[in-house]
Structure formats: structure tokens, C-alpha cells
Amino acid sequence: MNYSIKGLQKNVPFLLIPLLFLYIQKFDKKTLYKSIRLYAFSMVFFALFSFAKAFIKYFQTSNKDVFLYNELVSVELNAIYIAAFASFCLFYFILLKNKKTIDLIAIYILVLFIVLLNSKTVFFIDFILLIWFYAKKGVAHSSVKWVTITLGITFLFLSYIYVPQVHDRVVSEYETAFVDNTIYADSKNNDNKIYNVSLQQAWSKPSFETNEFFPGTAYRVFQARIFKEILKEQNIWLTGFGINASDKEIIAKHQQYKLFEDYNYHNFHNQYIQIFAELGIFGLLIFITMLFLNLKNALLNNNFLHIVFAITMIILFLTESVLCRQKGILFFITLYCIFNSMEQNRKIKISRK
């Protein structure tokens, strides 16, 4: 019960924000993009602040890691979440028809920021969305197309070649996925070696050692495995455990498999599984219906920024329990209500005089 009470407090925005939208005037195109423009530039300033803070740390420590991943924005903020938020803002600037110099500068800053945050999930989402966008737009905005593509490819290539941390994060996922007992990169020169867990081991190994490390994909496979076992052992199909109440079950499973204790505080890292575990099958169906209606409205309105939001959420929910964090809740439910309360139900295009 205590878990659920804390969870309900965190999830209050799910009730209050939709209620607020019942009583405020519906957003029109102009108001929508004025609000999003303000948010997008706020993200640009946050990126510049993060760069400045990283430079200060670098001069103090000479550690290049301060420019990458969670070191750039802090573990609490989480690089994956910030990369997803920045990616949404990046597409706002990409979609502008008449760009000023400041808009192009914002694109450069956000592309660099997203690359340094080094989220493979966000890279994948952006790749899909860029292909979709340019396939729909054809040869239109060719200058912007080449700026975006060239910048993206250049930053990714240079980061992969010259930044060991980026190279190791990318390579480790593929080298360790199907090969058992590869050595974790950071321990290769140490006496106490740490071994990577493969996907097959994550799904079937009976127990683990404290010197075994779960790469991102393997950890998510393991979390899916323990949910499958929990579902089989406990009758939660209809009701789930309650909001936030699945945490203790995850910890118990981690202890059963003798995982290193730092893993005991992680959620399922999959929003669909998280919803199923906490609210049961009907909660999951309602959630999936929400996502389906969101994508349907985006496609009917032919609003590509809405499509960016819808696709980003659908894919991000596969790898992250976004709604377990309040910043994830606020981002999702606010944009969900804004986009789905639009007055227009036909083509919406970004334009700025």
C-alpha cells in the first residue's frame, strides 16, 4: 500500500493536466508552435549550460567522460530522457519552413548534444523519423536535408572513431549480444575482470556472479524474463500489483538470481511491461489504446511534429519505463493533451512569418 500511495503522488499530473485541458481553450496551430518554440529554445540553452558545466569539470579533472552520456547531464536527469526531449526539439527546428540563422545554429547545437548523450535508442528513433520525413517531403528543403544528414553522419562517425566511450558503448552491445563471457571493456587491464552477460545468458542462466555486467539490451531481456516468471507465479493478470508496487518483486527476483546489488533499484525498463505489472491486462490495453489514438490523430492531421512525438513514445516505451519518472510523466501527458486537443483535424504545417 505504501508503494502505491507514493506512486499515486507522483502520478497526480495524469489526473490534473487532462482536467486542466478540459477547461482551457483548445490550442490552435499558432499557439501550439509558439509554445513549442519556447520549449525548444529552452532545450538549446540547457544544452549550452551542460556544455559549459562539462568544460569546467574537464579543466578541473582532465576527464573526457564529462562530455558524454550521464556525465554530461547527471544520472538523476538521465541521458536517455534528455536525448529524447532534445530530439523532439530538434525536429521542431528541422520542420520550420523559413529558418533564420538562429534556427540553424539551434540545429547544430542539438545534434551535437544528442550525439554526446549517446543514446542508441534515440539514434534509432531519429534515424527512422528522418527517413520518414524526407521520404514524405521528397526534394523539398534540400539545403536543410543536407545540413541535417551531413551533421548527423559526421558527428556519429567522428564520435565512433575518436571517442573511445562512444565506440565502446556501441560495439559492446553487438559484440556481447550473442557471445558468452566476453570481457567488459573497462576491466580488460585489471586483475579482477568483469564479464558481459549475453542475451542467451540473460534469458536462461540460473544465477549470476557479482563480476558479471549486463549490457543494456541484455538487462532488458533479463527484466522481461523475470516478469514472465512473476506472471506465471502470481495471479496478477487482472489487477497487477498496484502503482509502484512491482519494485519489491523486481528486487526479490534480483536477489534470487544473485545480481549485483546495484541492480536492485531498477524498474522493468519497458513501459508496456511496467503497466502490465502494476495495472494488469486492462490497464495495458487502455495504455495501448491511448498510444494508438495518439498516432492515429497525428496521421489524420498530417502533423509531422505530432508524428515525431507519437513514434518517439511508442519506441522509447520499449526500452524505458518513462512513466516511472515525473519528468517522463510531465513530458508525455502534457504533449499528449496539447496535440490531441488541437482544433484542426486536417493538414497542419509549420510556418513562421
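**Salt bridges and their surroundings**

Reply: R37 and D103 pair through their side chains in a salt bridge, with 3.0 Å from N to O. This pair links distant parts of the chain. R37 sits in helix α3 (residues 29–61), and D103 sits in helix α6 (residues 101–117). The two residues are 66 residues apart. Keep in mind that this is a predicted model.

Are the two partners buried or exposed? Buried means under 20% relative accessible area. R37 has 19% relative accessibility, so R37 counts as buried. D103 has a relative accessible area of 0%, so D103 is buried too.

Why can such pairs form at all? Side chains of opposite charge can pair when their charged atoms come close.

How many salt bridges does a search of the whole structure find? The count is six. Let us look at two others.

Take R225 and E229 next. Their side chains meet in a salt bridge of 3.5 Å, N to O. Both residues lie in helix α11 (residues 216–233). They are four residues apart there, so about one helical turn separates them. Both R225 and E229 are buried.

Now move to E233 and K253. These residues form a salt bridge too, and their closest N and O atoms are 2.9 Å apart. Here the pair links distant parts of the chain. K253 belongs to helix α12 (residues 247–256), while E233 belongs to helix α11.

Check the exposure of each partner. K253 has a relative accessible area of 4%, so K253 is buried. E233 has 53% relative accessibility. The cut-off for exposed is over 50%, so E233 counts as exposed.

R225, E229, E233 and K253 are linked in a network of salt bridges.

Next, go back to helix α3, where R37 sits. A54 lies in helix α3 as well. With a relative accessible area of 2%, A54 is buried. Which distance separates the C-alpha atoms of A54 and V66? It is 5.4 Å, and the two residues are 12 residues apart along the chain.

S62 lies in the loop between α3 and α4 (69–73). The phi of S62 is near 60°. That is a positive value in a residue other than glycine. S62 has a relative accessible area of 57%, so S62 is exposed.

Now compare another serine. S74 is placed in the loop between α4 and α5 (79–95). Its phi is also positive, near 95°. S74, at 23% relative accessibility, counts as partly exposed.

One more buried residue is worth a look. V122 is found in helix α7 (residues 120–137). Its relative accessible area is 1%, so V122 is buried. V122 and I82 are 40 residues apart in sequence. In space, their C-alpha atoms are 9.9 Å apart.

Turn to the surface. Which residues form a nonpolar patch there? They are V12, L15, L16, L19, L22 and Y23. Together they have about 670 Å² of accessible area. V12 lies in the loop between α1 and α2 (13–23). V12 has a relative accessible area of 36%, so V12 is partly exposed.

Finish with a pocket. Rolling a probe the size of a water molecule over the atoms shows where empty space is left. The second largest pocket holds about 360 Å³ of space. Its lining is made of 18 residues. N11, F14, I243, I275 and L279 lie nearest the centre of this pocket.

Which helix gives the largest share of that lining? The answer is α13, with nine residues. Helices α1 (2–10) and α13 (271–301) each supply at least two residues of the lining. By class, the lining has 11 nonpolar, five polar and two charged residues.

Terms used. Residues numbered from 1 in each chain as written. Predicted model: local features only at pLDDT ≥ 70, side-chain atom pairs only at ≥ 80, totals over all residues. Heavy atoms only, no water. 1 Å grid on protein atoms, 1.4 Å probe; cavity = no way out; pocket = protein on both sides within 12 Å on 5 of 7 lines; lining within 4 Å. Points joined across faces, edges and corners; volume = space filled by probe spheres on them. Nonpolar A, V, L, I, M, F, W, Y, C, P; charged D, E, K, R; others polar. Patch = residues over 30% accessible without salt bridge, like charges linked within 9 Å, V, L, I, M, F, W, Y side chains within 5 Å. Areas by Shrake-Rupley, 256 points an atom, 1.4 Å probe, with all protein chains shown as cover. Salt bridge = Lys/Arg side-chain N within 4 Å of Asp/Glu carboxyl O. Buried < 20%, exposed > 50% of the residue type's maximum accessible area, 1.4 Å probe, protein only.
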